Structure formats: structure tokens, C-alpha cells
Amino acid sequence: MSRSAAVGDPKKRLELAALKAAIGQMREQYAFSERRACGLVMLAVSSYRYQARRCDEPLRTRLVELAREKPRFGYRRLQVLLRRCGEQVNHKRLYRVYREAGLSIRRKKRKHCVRVGQPLRSWAAANQEWALDFVHDSVDCGRAIRVLSVVDAYTRECLALEVDTSFASRRVTRVLEQIVAERGQPLAIRCDNGPELTSRHFLAWCIERKIALVHIEPGRPMQNGHVESFHGKLRDECLNASWFRNLFEARAKIAAWRKEYNEERPHSSLGYLTPQEFARREQALRSPTAPCAPALGPLPEAETAPSGDSSVV
């Protein structure tokens, strides 16, 4: 035992067992009397001489029997079983005997996905990065529905709002295939770590088409801020303002809101243009036949924006 443990920490008093051990060490090493050693650690001689007379063997035996019958029960449930049998035991004593008997349940810790932080980036053209995520709601009967959102990180266009009760990874790739057929494929896709977006099928689909897959860190939704901001508008203006009697009505109303969002709703980060107007203007400026259009070389390299950037409204 170290010197600090023997004399005690001035900010925290040692437990009785540690004090008794310190007294025993002083008597052995320095030939102190029992009274002098107790005085140095400020422990009463009667406390040092005290020997517990309790017998926990019957309780230990009973706990082991119950634990064999119910191996996944913790000490609280075992205490309930003891009470049903007419045995009243203090919960602190029960927990101490339970631990000493080695009956503690080993619970498997959840495996957390480890990802490197991927901050938002400022893109310079459409189809450089798409943002994917899911939002949840319910219909009149209480059945849950999910909405798959696909947003272009540059033009803020909503490329898809697919509504269903569940989504498998193959369903997600079918939706993406439809978007690719209409406007070409992106350079990268940014998404979270949901099972649909980390499956082998989805990973193979991205690798086959040479699309960079950017997974954000778990618990860091701000790293996918474009689609999270979009979901705030979808929730506020459509989901919370609408009542869906069934899945088909939910699909119709959400599709109508998507059309309004792309073609009519002014977007503050686009200079209060609609996403469709902004995309058309960018396309016209990049057209080689545009009047007085500057000679545009290759797209500039995307700049990294701080992860806490909140200007994605």
C-alpha cells in the first residue's frame, strides 16, 4: 500500500476496510501499538476491532438457486421473487451478496459505427453532391410511413420524395436510378449510417457507378445540413400541416408539396429564387451559346465549409 493510501486523502476519507488495512500495515512495519495506529488515522479502536457477525450464506444460496432458474434476471427481479416467497431483504444487502456471488449479468455493449468527420462543402455546380435521408410520419390509422428525400446540395432542388411504409436498399437504388436517368449521376452522395445506406447492395451500387459515398459521423446530423434543413421545411409546411387518411393520400400531398417547393417557393439561400429558377439560370450561364458568357474552364475545386455552418436554410 502506498504512503498516500496509508495516511489517507485529505479530500476524501478512506473506506473502513482501507483504514483497517492501513492500521495493520503501520503495526507491522513500524511496531505501532493498536491505539496509536488508530489515533493516527482517526479511527476508533472499537471500529477497528469490530468483526461482522452477519451470515449471508443462506441468502447467497437462495440467490444462486433463483439465478439458475432465471439466468437473465437482475438483482431487482430476483428481489421481487424473494418477496413473493416471503423473504424481506434490504436491496443494498441483496445487491452486495449478488455481486459477491458473481451473478452480475454481462450485457453486450452496442457496437457504434466509427466514421471520420465529413464537414459540409461549398459546391460549384449541380450534380456534384446529393444528400439523402429519411423522415418519418404516420397516417390516420396510426401506421408509420417513411419519406426518402434526395436533395441537390448546390441547387437545393428536391430530386425525390418517395413515400412508403418501409424501404429496403434495393428500393433506394431504384429511386436513385430514376433520378440518374433524368439528370445524370452525381459525383458524391452524402448520407447517414442507416441500414439501407450501409448495406452491401447500396455500397456495391455506388462502387459500380464510381459515385463517392460520404457517410457522416453517427450523432452528427449537422454534417448533412442541407437535407436536415430541407426536412425542417417539409415537416413545418407539409407533414405538420396535413392529415393523411392513408398511404396514397400521403403520396399525393407530399408530391404536390415537392412540386411547389421546386417551382414556387422562394429559397433564402438562393437569393429568393426557386430551386428550379436557380438551376435554369446556372445552366444558362454555363451554356457556351450564352450572350457575353465568360469562358468557363473546368469546375473549381470545392471549398470546405466549417461543420457548424448554419447557412443552409
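The model is a predicted one, in which local features need pLDDT of at least 70 and side-chain atom pairs count only at pLDDT 80 or more, while totals for chains, interfaces and linings use all residues. Residues are numbered from 1 along each chain as its sequence is written, and side-chain values use heavy atoms, with hydrogens and water left out.

Let us begin with the chain as a whole. Of its 313 residues, 38% count as buried, where buried means under 20% relative accessible area, exposed over 50%, and partly exposed in between (1.4 Å probe, protein chains only). Among contacts (heavy atoms within 4.5 Å) with a separation of 6 or more, 60% come from residues 24 or more positions apart.

Now look for Arg 171, which sits in helix 8 (residues 169-183). Is Arg 171 buried or exposed? Arg 171 counts as buried because its relative accessibility is 17%. Leaving aside residues up to four places away in sequence, Arg 171 touches Glu 162, Val 163, Asp 164 and Ser 166. Phe 202 is 31 residues from Arg 171 in sequence, and their C-alpha atoms are 9.9 Å apart in space.

For another arginine, turn to Arg 72, in the loop between helix 5 (57-69) and helix 6 (75-84). With a relative accessible area of 53%, Arg 72 is exposed.

Key:
Helix = DSSP H or I, 4+ residues; strand = E, 2+ residues; numbered from the N terminus.
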